[in-house]
Amino acid sequence: MNAVINATIPTKDDFLTEDVDFAEISSLPIDHPGAHDPAYRNRRNYIAELAANYRHDPTHRIPDVDYTREEIEVWRYVFTQLEEVQQRRACSFYLQAKRDLGLHADAIPQLRELSYKLNLFTGFRLAPIEGLVETRAFLTWLEKRTMLCTQYVRHHSRPDYTPEPDIVHEAIGHIPMFTNPDFADFSNMVGYGARIADEQQLIELGRLYWWTVEFGLIEEGSEIKAFGAGLLSSFSELENCFNPNVPKQKFDLRTVINTEFDYSMMQPVLFIIPSYGYLKEITKEFIGSF
Ligand SMILES: [Fe+2]
């Protein structure tokens, strides 16, 4: 297991072996706010193509995106709106990590730069991807200490909502937490687990990922704070999760891996971990039983 935690940083050769299925969802779902906007679709496809080209580029230099003024305005709006809620609701590690990575409202960060910084913190890095990837393929990349990230921006008509990951969700929600060594090792472990899991175990790992990486809460002294990316990147989710009507349970692995989720709804229940170290250890034990 230690070999998994200490997995070496992937080299460019890892990207030349197409050992996972990059199952792109090329057409937008009908309820996507940009589904009927040809200019948006073209722009999204252009940025997605940069990610596809990256995998065939022998230098594997992550392409920078020349974001438009409209895209930067979407980022600025979400970043600014979230800032106030996050100060009250986000875990302290996240708030510090956002500063450490230099995230700010005036510019959409480039994955290349964030990947470089992450690597210095925990050996994690980022790789651009053109859309949703099936669960095993996505999670397996975590074993290589690599997080696949989209680079396009959600539709400007609904800055508060996206039915798919975008750079706003990745950079504001996910990326800062990868500077935490325990969180990074936990993610690494999930990646290893995804590679060896049978179909049922993969479903359980997907639920563990959902209730922690996406919608996890953590104890901080006498307070409960958010560390999940789905919470940190959405003001409605972040506010809703602290509603007293939303039950919050102490994290119990068996309960978590048996709790189904629906990505299209506000979360009806949330789980609180005592620490990132605990999450790492309990996951190690869980995957050790595969
Ligand atoms: Fe996510």
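Helices α6 and α8 are oblique to each other, a label for angles that are neither under 35 degrees (roughly parallel), nor over 145 (roughly antiparallel), nor 65 to 115 (roughly perpendicular). The axes of α6 (residues 135-143) and α8 come within 6 Å and cross at roughly 130 degrees. Here an axis is a line fitted to C-alpha atoms, for helices over the stretch in contact, and angles run from 0 to 180 degrees between N-to-C directions. The helices themselves are DSSP runs of H or I with at least four residues, strands are runs of E with at least two, and both are numbered from the N terminus. The crossing of α6 and α8 is left-handed, meaning that the near helix is turned anticlockwise from the far one by less than a right angle (clockwise would be right-handed).

Before going further, keep in mind that this is a predicted model, where local features need pLDDT of at least 70 and side-chain atom pairs count only at pLDDT 80 or more, while totals for chains, interfaces and linings use all residues. Residues are numbered from 1 along each chain as its sequence is written.

On the α6 side, R136, L139, T140, W141, L142 and E143 make the contact, and on the α8 side S187, N188, V190, G191, Y192, A194 and R195 do; two residues are in contact if their C-beta atoms, placed from the backbone, lie within 7 Å. Sorted by class, the contact of α6 with α8 has six nonpolar, four polar and three charged residues. For that sorting, Ala, Val, Leu, Ile, Met, Phe, Trp, Tyr, Cys and Pro count as nonpolar, Asp, Glu, Lys and Arg as charged, and the others, Gly among them, as polar.

Staying with α6, the residues F138, L139, T140, W141, L142 and E143 are buried. Buried takes 20 or more other C-beta atoms within 10 Å of the residue's own, exposed takes 12 or fewer, and partly exposed is in between, with C-beta atoms placed from the backbone. Just after α6 you reach R145, with a positive phi of about 50 degrees. R145 sits in the loop between α6 and β2 (146-149), and counts as buried because it has 24 C-beta neighbours inside 10 Å.

Now follow α8 to its other partners. α8 (residues 181-196) packs against α13 (residues 276-288) at an angle of about 15 degrees, with the axes 8 Å apart, so α8 and α13 are roughly parallel to each other. This crossing of α8 and α13 is left-handed. D182, F183, D185, F186, M189, V190, Y192 and G193 of α8 meet Y276, G277, L279, K280, T283, K284 and I287 of α13. In the contact of α8 with α13, eight residues are nonpolar, three polar and four charged.

Then there's α9 (residues 199-214): its axis and that of α8 come within 9 Å, crossing at roughly 160 degrees, which means α8 is roughly antiparallel to α9. The crossing of α8 and α9 is left-handed. From α8, V190, G193 and A194 take part, facing L202, L205, L208 and Y209 of α9. That contact of α8 with α9 splits into six nonpolar, one polar and no charged residues.

β3 (residues 217-220) and β6 (residues 270-273) pair in the parallel sense over two bridges, with I218 opposite I273 in β6. β3 and β4, by contrast, pair in the antiparallel sense over four bridges, and E220 stands opposite E223 in β4. Their hairpin has two residues between the strands, and there G221 takes a positive phi near 60 degrees.

Finally, two histidines in loops. H60 is in the loop between α2 (38-56) and α3 (69-89), and its phi is near 50 degrees, a positive value in a residue other than glycine. H60 is partly exposed because 16 other C-beta atoms lie within 10 Å. H104 is in the loop between α4 (92-100) and α5 (111-122), and also counts as partly exposed, with 13 C-beta neighbours inside 10 Å. The C-alpha atoms of H104 and Y192 are separated by 33 Å, the two residues being 88 apart along the chain.

Conventions
Pairing = 2+ DSSP bridges.
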